[in-house]
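This report goes through a protein model by region, from turns to sheet, helices and metal site. Please keep the sequence and the structure in view while reading.

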Amino acid sequence: MKTDEEILQIAKEASERAYCPYSKFPVGACALYESGNYYFGCNVENSSYGLGLCAERNAISTAIAQGEISKLIKIAVYSPKSDLCFPCGACRQWIQEFAQGYNTEIVLQNNGMVQKYYINDILPYSFKLL
Ligand SMILES: [Zn+2]
C-alpha cells in the first residue's frame, strides 16, 4: 500500500502534465483504493472554461475506466501554486460517491509536510441516493 508521502509525490508528478493554459494553475491528484491500486490525474482545461476537468475527477474517472470497484480510501491533491490545495465542491461530492461509506482521507501538502483531512469533515451532510 502506498504511503501518504508516496501518493503526494505521484500527485506532484501528475501536476506537471496539467493542461492549464487559462488559469496557469496546475493540479495533480492521486487516488488510492482499498485494493491497493492507485490512479492519478491532472487538471485539463478548455477554451470553453466551464468544460474544464479537475485533477481529482480525472484520477477517479481513470480508476472507474480501469475497472476499480473498491473503496476510495485516500486522495492526494497537489499544486505547485498553493499549499493546502483543497478539492473544489464538485470534487468533494465525487470523492464522497466513491468513498462508499468510508471516511476518505484528503492528503495535502502544507509547507513541505503532509496534512490530512477527512471527506466527512470537509463535506458534511453530502447528497446521497444510495
Ligand atoms: Zn474539483
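Which residue just after α2 takes a positive phi? Gly67 does, with a phi of about 95°.

The model is predicted: local features need pLDDT of at least 70, side-chain atom pairs count only at pLDDT 80 or more, and totals for chains, interfaces and linings use all residues. Residues are numbered from 1 along each chain as its sequence is written, and side-chain values use heavy atoms, with hydrogens and water left out.

**Sheet**

Helices (H or I, at least four residues) and strands (E, at least two) are DSSP runs, numbered from the N terminus. Two strands pair if DSSP finds at least two bridges between them. Five strands form an open sheet with mixed pairing, in the order β2-β1-β3-β4-β5. β2 and β5 (113-118) are the edge strands, each pairing on one side only. From one strand to the next, the twist averages 20°. Two of the pairings are set out below.

| Strands | Sense | Bridges | Residues facing each other |
|---|---|---|---|
| β1 and β2 | antiparallel | five | Cys30 and Phe40 |
| β4 (residues 105-110) and β5 | antiparallel | six | Glu105 and Tyr118 |

The hairpin of β1 and β2 has four residues between the strands, and Gly36 in this hairpin takes a positive phi near 95°.

**Helices**

Helix α1 (residues 4-15) lies across β1 (28-33), β2, β3 (72-78), β4 and β5, and runs at about 50° to β3. Axes here are lines fitted to C-alpha atoms, for helices over the stretch in contact, and angles run from 0 to 180 degrees between N-to-C directions. The expected span of a helix is 1.5 Å times one less than its number of residues. For the 12 residues of α1 this should give 16 Å, which agrees with the 17 Å between its end C-alpha atoms.

Residues count as buried under 20% relative accessible area, exposed over 50% and partly exposed in between (1.4 Å probe, protein chains only). In α1 the buried residues are Asp4, Ile7, Leu8, Ile10, Ala11, Ala14 and Ser15. Seen down the axis of α1, they fall within an arc of 160°, so they line one face of the helix; the arc is that of the directions from the helix axis to the C-beta atoms. Their cover includes β1, β2, β3, β4 and β5.

In α2 the buried residues are Ala55, Glu56, Arg57, Asn58, Ala59, Ile60 and Ala63, and what covers them includes β1, β2, β3 and α3.

**Cysteines and the zinc ion**

The zinc ion has Cys54 (SG), Cys88 (SG) and Cys91 (SG) as its protein donors, lying 2.3 Å from it. Donors are N, O and S atoms within 2.8 Å of the metal (3.2 Å for Na, K and Ca); water is not among the atoms, so sites may look incomplete. The donor residues are spaced C-x33-C-x2-C in sequence. Cys54 lies in the loop between β2 (38-42) and α2 (55-65) and Cys91 in helix α3 (residues 89-99), so this pair ties together parts 37 residues apart in sequence. Cys54 is partly exposed, at 21% relative accessible area, whereas Cys91 is buried at 0%.

Cys85 lies in the loop between β3 and α3 and is buried, at 10% relative accessibility. Leaving aside neighbours within four places in sequence, Cys85 is in contact (heavy atoms within 4.5 Å) with Phe25, Val27, Val77, Ser79 and Leu108. The C-alpha atoms of Cys85 and Gln109 are separated by 7.6 Å, and these residues are 24 residues apart along the chain.
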